[in-house]
Amino acid sequence: MAFLSPKTTEHILHLVSENLVVTFMLVSFAFIALSNISKRKKHHENAKKLLAKAIATNSNEPPTLHPVINSALCSGCSACTKVCPEGDILQMIHHKAVLVSPAKCIGHGECEVVCPVNAITLVFGTKTRGMEIPRISSNYETNVPGLYIAGELGGMGLIRNAIKQGCLATKDALSKISKSSVKTDYDVLIVGAGPAGFASGLTAVALKKRYLIVEQNTVGGTIANYPRQKLVMTAPAELPLVGKMKFPKNKVVKEDLLDYFKEVQKQTGLKVQENSKFEGLEPKNGYFAVKIGNKTVTANKVILAVGVRGSPRKLGLPNEELEKVTYSLVDPEQYQGQHIAIVGAGNSAVEAAQSLANPKYRNKVVLLVRGQALSRCNEDNQKIITDMAAKNLVSILYESSVKSIESETIVLTSPAGDKRVKNDFLFVMAGAETPFKYLMSLGIKIDKKFGESMDKKKSA
């Protein structure tokens, strides 16, 4: 009987050991691969359900600036699906990014920034649903030379966008003033002290130019009229003279942002003429005559940073002028033991319903949603309000609207028929109307965009 030499035995054992290691590694890799495939399949199916839900509930039309994905360029890296602050807006279907919750998109634009193959373009409107916006250049100058628009009035929401636009518009405007320009009271006059106007003023201070900020209310603009503790920012922005705005976890509520603006104002010496109403302007030969209250001043450039929330969308019904009808909620504590109806399906309406339905106020709250789902609010708000509805703290009526308004009641219409209900207060939170007629009276042209990119818009 032949015996293997020690050297041969050692060699065989070494080979067996190597094979076991290789086998273990292959099994591990296979397990990880199968696990990843299973996760991708689960995400894929969930994305398909979200898209199907959006189509079924007629919530597949984005309300504002939104991404369009070129599937031929999309590499399937999924980077865009991980950066949206609003949740499951973009998801992967068949290894391509898809906008599965269009109505929830509010134009953060992070998806376009992180796409490594430039497959994402931000656009206004869709092929079937146009979006009207003022005609402005890449530097936010309107077709009226020297007159700029920054912020929400230009078609883009978000405080961070407004701040950026206020800075860029002001830099461009001031760069066009030369020694030969007409001598005026101010180099630039800024209408509005919200985020865009605030940033615009700081830019003027940084550039050591003569400026005037006029605000019909107080610093912060329409933010001051938001409900208490409303979340207003989820991503950082950068202000001139100050740098990056720093808040814990980048989640900023109304009160914190207003306090921050006041502190910055104190630090920088930024001057804001509050409680002063902009009445209009008249282009002159190289400058503007601007009417503020009963006084007229002159400025080389004017920046409109007034937003659109001052013009709420109304129902257009008789008796809508009754005192019980309102378009915003500032202090929920004013309403206790009341019968309240809220019209709308966006974040403002849902957050108002959450506040007013707080058990300590003893209100009876009904949320009226025109569509079949809460398609225009973020996932957190959806979960909160549906949980409250399950606990009978609030009633949500889908496919419902207000048919008529009476002093002590309202008539609701729904698939089940008309119904008269007791009503003490009616909150209409169905968005805002852009003041197109007023803008056109200033000579600004309004364009309707059907899925056109920002670049096309800016080059108009």
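**Exercise 1.** Find which residue of strand β23 stands opposite Ala341, and then work out how the strands around β17 are arranged.

*Solution.* Ala341 stands opposite Leu426 in β23. Strands here are DSSP runs of E with at least two residues, and helices are runs of H or I with at least four, numbered from the N terminus. The model is predicted, so local features need pLDDT of at least 70 and side-chain atom pairs count only at pLDDT 80 or more, while totals for chains, interfaces and linings use all residues. Residues are numbered from 1 along each chain as its sequence is written, and side-chain values use heavy atoms, leaving out hydrogens and water.

Next, β17 (residues 339–343) pairs in the parallel sense with β23 (residues 425–428) over four bridges, where pairing requires that DSSP finds at least two bridges between two strands. β17 also pairs in the parallel sense with β18 (residues 364–369), over five bridges, and Val343 has Leu368 as its bridge partner in β18.

**Exercise 2.** Describe the aromatic pair formed by Phe198 and Phe261, and explain what it ties together.

*Solution.* Begin with the whole structure, in which a search finds five aromatic pairs; rings of Phe, Tyr and Trp (its six-membered ring) pair if their centres lie within 6.5 Å, and planes under 30 degrees apart count as stacked, over 60 as edge-to-face and the rest as tilted. Phe198 and Phe261 form a stacked pair, with 4.4 Å centre to centre and 25° between the planes. Because Phe198 lies in helix α4 (residues 195–206) and Phe261 in helix α5 (residues 254–268), the pair ties together parts that are 63 residues apart in sequence.

Terms used. Buried < 20%, exposed > 50% of the residue type's maximum accessible area, 1.4 Å probe, protein only.
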